[in-house]
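Can you walk me through this fold step by step? I'd like to know what sits where, and how you can tell.

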Amino acid sequence: MVTPMRPDGSIDLDAAQRVATHLVEAGHDGLVVSGTTGESPTTSGDEKDELLRAVIGAVGDRCVVIAGAGSNDTAKSVESVQLAQKAGADAVLAVTPYYNKPPQAGLVAHFLALADASDLPVMVYDIPGRSGVAIARETYLRIAEHDRITAVKDARGDLWFASQMMQETGLDWYSGDDAMNLGHYVNGAVGFVGVTSQVAPVAYREMADAVLEGRWDDARAVHRRLTPLVDAVMNVTQGAIMAKAGLVLQGVIESPTVRLPLVEADDAQTSLLRTALSAVG
């Protein structure tokens with residue numbers, strides 16, 4: 001979920017509650033608050049806490065609310081996990097520590113520390129394209145032994161590796177790559193954590209329902225209908241930028257403001273997005 005902001009860059013909690021309500025009413029059964037798409041690198045701990053509490057207040061009785069709590073500082077991540085539990089989150093998302101490129105032993109220690117920090121389930125986020133380090137097979141096997149590490153958001157783009165890890169660890173697998181959602185479903189994933197789904201929630205609900213009911217032709221048809229929109233949101237500029245632009249076009253939020261180093265979508269990007277949204281219907 002994006003983090004709506006006013007034109008001056010301050011977080012708009014009322015708009016956040018409107019976005020959350022809109023997404024749940026359109027078919028989302030879970031929301032991730034303060035993930036990368038929520039601009040977590042440029043929001044403060046206090047802002048994250050206020051945002052999480054606002055979203056839980058709006059929809060916490062109607063969907064799973066997952067708090068983004070990972071960072072490249074284990075001590076700060078532990079504190080974030082503990083604050084998420086106090087705020088009432090249902091689970092936490094823990095990204096692989098980025099930039100400092102820890103060894104696999106460091107990844108094990110990091111994820112176990114977060115799992116030990118609260119009673120909340122932990123979804124591990126494997127995204128080597130951003131973090132600079134992938135989670136190795138041995139690391140998955142080790143952290144899967146912890147009762148509270150229960151799921152994976154997979155954005156590494158390797159379906160064969162995912163298939164092996166699903167079988168060997170028993171962890172619940174979620175696609176973390178919009179372009180790979182259907183592929184992950186076919187491979188045995190139980191769901192997806194998306195960006196584009198914010199601006200096409202009904203279509204993504206259709207695809208998920210088709211998968212759950214075994215209607216693979218219908219799921220494939222929705223996937224193909226969404227392809228231009230996924231391209232527009234994820235491959236033109238940064239995803240949070242385009243998701244906010246799309247929500248403005250749809251009248252869900254008023255401002256497309258993002259915090260530097262992100263910048264708002266320009267006219268050409270917004271026009272491309274408008275066309276892609278119209279094609280989805």
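Before we start, residues are numbered from 1 along each chain as its sequence is written, and side-chain values use heavy atoms, with hydrogens and water left out. Because this is a predicted model, local features need pLDDT of at least 70 and side-chain atom pairs count only at pLDDT 80 or more, while totals for chains, interfaces and linings use all residues.

Q: How many residues of strand β4 are buried?
A: Strands here are DSSP runs (E, at least two residues; helices are H or I, at least four), numbered from the N terminus. Buried means under 20% relative accessible area, exposed means over 50%, and partly exposed is in between (1.4 Å probe, protein chains only). Both faces of β4 are covered, with V122, V124 and D126 on one side and M123 and Y125 on the other. For β4, residues 122–126, the buried count is 5 of 5.

Q: Which residue in β5 stands opposite V122?
A: β4 is also joined to strand β5 (residues 149–154), again running parallel, by 5 bridges. V122 faces a residue of β5, and that residue is I149.

Q: Where does UniProt place the feature "binding site"?
A: The entry is unreviewed, and such annotations may be inferred rather than shown by experiment; positions use the numbering used here, and feature names are shortened. The record puts the feature at T37 and V193. These are spread over 157 residues of sequence but cluster in space, with a largest C-alpha distance of 10.8 Å. One lies in the loop between β1 (30–33) and α2 (45–59), namely T37, and the other lies in the loop between β7 (191–192) and α9 (201–212), namely V193.

Q: Is V193 buried or exposed?
A: Contact means heavy atoms within 4.5 Å. Leaving aside neighbours within four places in sequence, V193 is in contact with residues including V32, M123 and K153. Its relative accessibility is 14%, so V193 counts as buried.

Q: How many residues does the largest nonpolar core have?
A: In soluble globular proteins, nonpolar side chains tend to be buried together. A nonpolar core is a set of buried Ala, Val, Leu, Ile, Met, Phe, Trp, Tyr and Cys residues joined through side-chain atoms within 4.5 Å. Among the residues with the most contacts inside the largest one are L31, Y140 and W173, and its total is 83 residues.

Q: What kind of aromatic pair do Y140 and W173 form?
A: Rings of Phe, Tyr and Trp (its six-membered ring) pair if their centres lie within 6.5 Å; planes under 30 degrees apart are stacked, over 60 edge-to-face, and the rest tilted. Y140 lies in helix α6 (residues 137–143) and W173 in strand β6 (residues 172–175), so the pair ties together parts that are 33 residues apart in sequence. With 5.6 Å centre to centre and 45° between the planes, this pair is tilted.

How values were computed: Pairing = 2+ DSSP bridges.
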